[in-house]
Structures are given as C-alpha cells and as structure tokens.
Amino acid sequence: MAKVCVMEHPLIQHKIGVIRRKETGSKDFRQIIGEIAMLMCYEATRDLKLQDVEIETPICRTTAKELQGKKLAVIPILRAGIGMVEGMLAMIPAAKVGHIGLYRDPETLKPVEYYCKLPGDCAEREVFVVDPMLATGGSAVAAIQMLKDKGVKNIRFMCIIAAPEGIEAMQKAHPDVDIYIGAKDECLNDHGYIVPGLGDAGDRIFGTK
C-alpha cells in the first residue's frame with residue numbers, strides 16, 4: 001500500500017487556516033494556495049533520487065548533486081488544480097505541465113472527462129497530479145486512471161484538504177499512488193463537500209459562484 005502523508009509543517013498548517021476563512025478574498029486565496037503548493041512540493045519531493053555530477057566552480061572542479069533519472073511533470077485537475085501549478089513550478093521550474101479536465105455531475109457526483117492534454121513524454125516522467133480538494137475521490141481516481149491508461153507509471157497525488165472518504169477511495173482504486181495531504185478533515189456532507197473544508201476551491205480561486 002502506498003503511503004498517505006499528512007503535512008504537519010507549521011507554515012502549511014497556518015496558511016491552510018487562512019484559506020479556510022470565508023472572509024479571505026480571491027486574490028489572497030489564490031496567492032496562498034500557490035504558497036501551500038510550493039511548501040507541499042518541498043516536502044513531497046524529499047525522496048527524489050540524487051546522483052553525483054562533476055562541475056566547475058569559479059574556484060575548482062568538484063562533485064555536486066543533481067536529480068537523477070526521471071524528469072518531472074505537474075498535472076492539475078481542472079479547474080481548481082491550476083491554482084497549485086505556479087507554486088509547484090517555483091520549486092521545480094523544469095517540470096512539464098499537462099492538464100486533465102473533469103467536472104462532477106451534480107446528480108451522480110461522478111467525474112466526467114472533458115479535456116486531457118499531456119506532455120508527449122509523460123510516461124517517462126515522475127508525475128504529480130494536483131487538486132486542492134480530495135472529496136469523494138472520484139475526480140482524482142478518474143484522472144489517475146486516465147494517466148495509467150496512457151502508460152504513466154510513476155504517479156503521486158497532492159491535495160491541500162482531504163476527506164477520509166476520498167483517501168479511502170484513492171487507496172482502494174490506486175494502492176500504488178502516494179498521497180500527500182495538507183490537512184485531513186472530518187467527513188463529507190450530503191452535498192459531497194468536505195467538512196469543515198473551505199467551500200468550493202475553484203470558485204474561491206477564480207472569484208466565481
């Protein structure tokens with residue numbers, strides 16, 4: 001079973017507390033979502049492999065470290081996942097970015113695909129799928145299955161707030177995918193929203209209702 005890592009870093013927890021507040025406006029919400037993604041990326045990449053490389057400093061030749069092997073990709077689930085991309089790229093600027101578009105059917109709460117555009121070499125990359133919220137888990141499960149169907153093997157999922165139901169759904173569907181979470185909340189309500197959560201992340205990022 002893949003690991004579930006809840007980020008306990010004080011800066012992450014403080015910033016999550018700010019975006020939960022209903023009075024936090026779109027501008028601040030957007031900025032802080034990016035900051036949280038950057039901090040989470042720092043934590044979620046701790047186990048990336050390094051290799052030695054010979055370099056020349058202004059003083060002499062020496063051995064330095066660089067990331068080994070697979071390159072990275074960030075795949076946001078549209079539309080709220082876009083809010084996490086800038087923070088991820090601040091940490092790993094060479095990463096390629098793809099997009100998966102899913103919306104949740106209001107009747108069935110099931111994900112429906114409407115867009116998928118991935119880097120051409122995505123199957124050879126270490127892929128971070130990002131979405132601020134893991135609620136029912138339907139969108140994340142479907143997005144990751146789309147990636148697997150296209151040959152992607154090395155996948156991690158990152159979200160800012162997760163419900164236990166979503167974590168369980170992910171572990172059942174994709175036991176090989178590590179999950180990185182900013183905060184694990186209590187439950188889902190009757191409308192499929194995370195409690196206490198922060199409302200609709202997409203609406204709050206983009207100022208829509």
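This is a predicted model: local features need pLDDT of at least 70, side-chain atom pairs count only at pLDDT 80 or more; totals for chains, interfaces and linings use all residues.

Reply: Asp47 sits in the loop between H2 and strand E2 (50–56), while Lys3 belongs to the segment before strand E1 (4–6), so the pair ties together parts that are 44 residues apart in sequence.

Me: Is Asp47 buried, exposed or partly exposed, and which class does Lys3 fall into?

Reply: The class in between runs from the buried limit of under 20% relative accessible area to the exposed limit of over 50%. Asp47 has a relative accessible area of 33%, so Asp47 falls in that middle class. Lys3, at 39% relative accessibility, likewise counts as partly exposed.

Me: How many residues apart are Arg79 and Asp203, which form a salt bridge?

Reply: The closest N and O atoms of Arg79 and Asp203 are 2.6 Å apart. Arg79 lies in the loop between strand E4 (72–78) and H3, whereas Asp203 is in helix H6 (residues 201–206), and the pair thus links distant parts of the chain, 124 residues apart.

Me: What class of accessibility does Asp203 have, and what class does Arg79 have?

Reply: For Asp203 the relative accessibility is 19%, and because buried means under 20%, Asp203 counts as buried. Arg79 has 34% relative accessibility, and therefore Arg79 counts as partly exposed.

Me: Where in the chain is Lys96, the salt-bridge partner of Asp121?

Reply: Asp121 and Lys96 form a salt bridge in which the closest N and O atoms are 3.9 Å apart. Asp121 is partly exposed, with a relative accessible area of 25%, and Lys96 also counts as partly exposed, at 39% relative accessibility. Asp121 lies in the loop between strand E7 (111–117) and strand E8 (126–130), and its partner, 25 residues apart from it, is in strand E5.

Me: How many salt bridges does the count come to?

Reply: A pair is counted when a side-chain nitrogen of Lys or Arg is within 4 Å of a carboxyl oxygen of Asp or Glu. By this rule the count comes to 12.

Me: What distance separates the C-alpha atoms of Ala94 and Pro106?

Reply: Ala94 lies in the loop between helix H3 (82–91) and strand E5 (96–97), and Ala94 is exposed, with a relative accessible area of 71%. Ala94 and Pro106 are 12 residues apart along the chain, and their C-alpha atoms are separated by 37 Å.

Me: What is the radius of gyration of the chain?

Reply: The chain has 6 helices and 13 strands. The globule rule gives 17 Å for 209 residues, and the chain comes close to this, so it is as compact as a globular protein of that length, with a radius of gyration of 18 Å.

Key:
Residues are numbered from 1 along each chain as its sequence is written. Side-chain values use heavy atoms; hydrogens and water are left out. Helices (H or I, at least four residues) and strands (E, at least two) are DSSP runs, numbered from the N terminus. The radius of gyration is taken over C-alpha atoms; the globule rule is 2.2 Å times the number of residues to the power 0.38. Buried means under 20% relative accessible area, exposed over 50%, partly exposed in between (1.4 Å probe, protein chains only).
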